Amino acid sequence: MTDQSPPPTPPSGPGSPYGGQPWYPGPPFGWYPPGYGFDPNDALVTPPGAGLGGWFNRCGGALRRGWRQLLPIMLLTQVLPAAVFSVISLGLDPTAKWAVQAGPNASPALPDNFVADLLSLLVLLVGGSLVIGLVQAVGWAAGSWVITRQAVGQPVSLESALRYGLRRALGLWGWTLLVSLLVGVGICFCVLPGIYLAFALSMAGPVYLFERNNPIGRSFRMFHDRLGLLLGRVALVVLAVIVGTLIPGGLEGVVTSALGTDPFAAPGTAVVAVVVIGITALLALPAHLAQLIGLLVTYAEQRAHEAPVNAAGLAAELG
């Protein structure tokens, strides 16, 4: 005897591919089993498909949670070194002495000790940049540690963050120098290659901190695997940094130029120059925060597109 009963209706629900039925309730949309390693409500990792709004929400959340620790870290490792370097550079700038020696009728002959003064200035600029880069690496590592741990509710303190930053700074500094060298060489070739390298290597720092393996190669792969997504996020960070640094830098240049060729020749103008440099360095603080938070949240989003990941896993990778 042939069975004429209708075939069973395939089970369905929000957790199945067939639609919802009350007798087969599935888990709500966006639910993932424990241990899966991906949470659409993660405080740090923007889930695939969340778009630019999800990225902005996580950047804002990182700032709201961590500003009490991030502000002193950025002040100590970014703002203060930049201000000190600007003051020293302005005070030792030999162009004022060259202008005095040239007099009203500029002579085609080079000023006295021109080569020695120029070499001294180059040594100051290069050496100062290297030292500042090392101090900045402390801040990037410390800030990344704070943001990542706070995303999973782990305790943080300024002292612990700076200790972590000191421990990881040398390696991060070395990779940053290599990236800067590559970008600089690229800029020498019609600028565009340098811009390309700056974007393609933008994830090298976070890759080193979290993965400790092949930062340059991994950054290139992330950039080319999700070109539009990473290009858009990094472009927003670059725009924030340009706006946040050009305006204070322009203001500093205008004021210090008005103080004469040698602002440190008199106590009054020297005080004004130092105060202006300090204020303009402080005005660049939002740009430092935007760079740190924006690149870190972008890196976490790139990792989510590669495999399930969450803030707890990233915090464990930092060590």
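# A walk through an all-helix model

E211 and R218 form a salt bridge, in which the closest N and O atoms are 2.7 Å apart. A salt bridge here is a side-chain nitrogen of Lys or Arg within 4 Å of a carboxyl oxygen of Asp or Glu. Side chains of opposite charge can pair when their charged atoms come close. E211 is partly exposed, because its relative accessible area is 24%, whereas R218 counts as buried at 10% relative accessibility.

The model is predicted: local features need pLDDT of at least 70 and side-chain atom pairs count only at pLDDT 80 or more, while totals for chains, interfaces and linings use all residues. Residues are numbered from 1 along each chain as its sequence is written, and side-chain values use heavy atoms, with hydrogens and water left out.

Now the chain as a whole. The protein chain has eleven helices and zero strands. Helices (H or I, at least four residues) and strands (E, at least two) are DSSP runs, numbered from the N terminus. Of the 319 residues in the protein chain, 37% are buried. Contact means heavy atoms within 4.5 Å. Among contacts in the protein chain with a separation of 6 or more, 69% are between residues 24 or more positions apart. The accessible surface of the protein chain is about 16,900 Å², and carbon and sulfur atoms account for 70% of that surface. Accessible areas come from the Shrake-Rupley method with a 1.4 Å probe; for residues, only the protein chains shown count as cover.

What lies inside? A nonpolar core is a set of buried Ala, Val, Leu, Ile, Met, Phe, Trp, Tyr and Cys residues joined through side-chain atoms within 4.5 Å. The largest nonpolar core has 51 residues, and L44, I147, M203 and L314 touch the most other members. Helix α10 (residues 285-306) gives the most to this core, with ten residues. L314 shows how parts of the chain meet: leaving aside neighbours within four places in sequence, L314 is in contact with L44, V45, T148, F210, Y299, A300, R303 and V309. A second, separate core has six residues, including V179, V183, L201 and I216.

R233 lies in helix α8 (residues 227-258). Is R233 buried or exposed? R233 counts as buried, because its relative accessibility is 9%. Apart from neighbours within four places in sequence, R233 is in contact with G51, L52, W55, T298 and E301.

Back to the salt bridges. The structure holds seven salt bridges. E306 and R226 form one of them, with the closest N and O atoms 3.3 Å apart. This pair links distant parts of the chain, since E306 is in helix α10 and R226 is in the loop between α7 (215-225) and α8, 80 residues apart. E306 counts as partly exposed at 34% relative accessibility, and R226 counts as buried at 16%. A network of salt bridges links E211, R218, R226, R303, E306 and E317.

E159 and R163 make another salt bridge, where the closest N and O atoms are 2.9 Å apart. Both residues lie in helix α4 (residues 158-188), four residues apart, which is about one turn of the helix. E159 is exposed, with a relative accessible area of 57%, and R163 counts as partly exposed at 46%.

Next comes the nonpolar surface. V115, L118, L119, L122, L125, V126, L130 and L177 make a nonpolar surface patch of about 630 Å². Patches are made of residues with over 30% relative accessible area and no salt bridge: like charges are joined within 9 Å, nonpolar side chains (Val, Leu, Ile, Met, Phe, Trp, Tyr) within 5 Å. Helix α3 (residues 114-151) gives the most to the nonpolar patch, with seven residues.

Last, the cysteines and a loop. A disulfide is a pair of cysteine sulfur atoms within 2.5 Å, and a search of the whole structure finds zero disulfides. C59 counts as buried at 13% relative accessibility, whereas C190 counts as exposed at 70%. C190 lies in the loop between α4 and α5 (192-200), and V191 is found in that loop too. Most residues other than glycine have a negative phi. Phi of C190, however, is near 65°, a positive value, and phi of V191 is near 70°, also positive.

Conventions. Buried means under 20% relative accessible area, exposed over 50%, partly exposed in between (1.4 Å probe, protein chains only).
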